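Here is a short briefing on the structure shown below. It covers the spaces inside the fold, the sheet, ring pairs and backbone details.

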Amino acid sequence: MTQNSKITYEIERIFSQKRKNALEKSEILTNELLSNESYLLAYNKYNSTRFELSKAKFKGDVKLINELKARLNADAELLITIKRELGFNDKDFAVKYECSACSDTGRLESGVRCKCYRKLLHKLTLEELGLERKKLHSFKKASYKDLNDLEKIYTKMQSYCEKFPATDKNIVIAGSVGTGKSYLAKCIANELISRDFNVVFISACELNSILLKYHTAPVDDKGVYLDLLTECDLLVIDDLGSEPIYKNVTEEYLLMIITERMTKGNPFIITTNLEQEQLLDRYGDRTLSRLNDKRHGVFIKIKGEDLRRKRK
Ligand SMILES: [Zn+2]
């Protein structure tokens, strides 16, 4: 079994379980209702009238059909009345799927994959890669005492989150060690996750290992890794420049990923300690020109001192 089909199989299993759970809740209520004697009587009466009506329709007996239709309405009314008297509400019986967009099938009516499917796919892919979930931070709890002009930057980034994804802006957050770049990126990721966006937050080293996996994977398996990096609503690559450069992998695929994301209008955020020249040396001019592309992005430079040292 390929990695791809293993993950697909697991997703199908999870979705089928979700549907089962949703239906079960409604079934339990129905059984509870049917355990009431007067409801059960009325329910059987309703069903037998319905049966009589279909027989009359088959015979074409118009007079009887009309009589039975009236009786069926009365039977239905009685069911509703008893249901209400017993304290049940029609809404309680509606099947409550976890995802109302796709009724826990993973696909929209148009046939397109639902957002919830992709989210699960990316979660399982990250798990399969052995990448742990990052501990993220909250804008609300961010304390920075406005060193290095951070207040202005934080306000700007909060408004970025509010407008997301109306703007396909990519963000590069540069600055020396300990200026709070990763912290800020984690706040943004956290805020967007709380708004139900599919955010993949990985370190540059982790990106490297995914790219290596992509490079060496059989053709059938490449799709899951590519989907993870190009289809999520936001990709955060933390600490670009800290990873080793793998020949034919790091530079080439990083360019491919960010180009693909830009084409699709899927933003990315990159944090880095590197200066422009160092970025150019490591990743080449095509990648650097995309990182500096002002039409689609902003380059934020956090100046100044190491906040971690300052806090001591
Ligand atoms: Zn869905």
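The largest cavity is lined by A204, L207, N208, L211, L240, E243, T250 and L254. This is a predicted model, where local features need pLDDT of at least 70, side-chain atom pairs count only at pLDDT 80 or more, and totals for chains, interfaces and linings use all residues. Residues are numbered from 1 along each chain as its sequence is written, and side-chain values use heavy atoms, with hydrogens and water left out.

**Cavity**

- On a 1 Å grid over the protein atoms alone, a cavity is a set of points where a 1.4 Å probe fits but cannot get out, and lining residues have an atom within 4 Å of a point.
- Searching the whole structure gives one cavity of 30 Å³ or more.
- The volume of the largest cavity is about 30 Å³; a volume is the space filled by probe spheres set on the points, which are joined across faces, edges and corners.
- Helices α8 (204-216) and α10 (250-264) each supply at least two residues of this lining. Helices (H or I, at least four residues) and strands (E, at least two) are DSSP runs, numbered from the N terminus.
- α8 gives the most to the lining of the largest cavity, with four residues.
- Five residues of the cavity lining are nonpolar, two are polar and one is charged. Here Ala, Val, Leu, Ile, Met, Phe, Trp, Tyr, Cys and Pro count as nonpolar, Asp, Glu, Lys and Arg as charged, and the others, Gly among them, as polar.

**Pocket**

- A pocket is an open set of points with protein on both sides within 12 Å along at least five of seven lines.
- The largest pocket has a volume of about 470 Å³. Of the 18 residues that line the largest pocket, K123, L126, R133, I193 and V199 are the closest to its centre.
- α5 (115-128) and β2 each supply at least two residues of the pocket lining. The largest share, six residues, comes from α5.
- The lining of the largest pocket has ten nonpolar, two polar and six charged residues.

**Sheet**

- Five strands form an open sheet in the order β2-β3-β4-β1-β5, with parallel pairing. Two strands pair if DSSP finds at least two bridges between them.
- β2 (199-203) and β5 (297-302) stand at the edges with a single partner strand each, so one side of each is left without a neighbour in the sheet.
- From one strand to the next, the twist averages 10°. Axes are lines fitted to C-alpha atoms, for helices over the stretch in contact, and angles run from 0 to 180 degrees between N-to-C directions.
- Strands β3 (residues 234-240) and β4 (residues 268-272) run parallel and are joined by four bridges. L235 has F268 as its bridge partner in β4.
- Helix α6 (residues 150-163) packs on the sheet and touches β1 (170-175), β3, β4 and β5. Its direction makes about 155° with that of β5. Contact means heavy atoms within 4.5 Å.

**Aromatic pairs**

- Rings of Phe, Tyr and Trp (its six-membered ring) pair if their centres lie within 6.5 Å; planes under 30 degrees apart count as stacked, over 60 as edge-to-face and the rest as tilted.
- The count by this rule is seven aromatic pairs.
- Y214 and Y253 form an edge-to-face pair, 5.1 Å centre to centre with 90° between the planes.
- Y214 lies in helix α8 and Y253 in helix α10, so the pair ties together parts that are 39 residues apart in sequence.

**Backbone**

- The peptide bond from F164 to P165 is cis, with omega near 0°. P165 sits in the loop between α6 and β1.
- S103 has a phi near 50°, a positive value in a residue other than glycine. S103 is in the loop between α4 (90-93) and α5.
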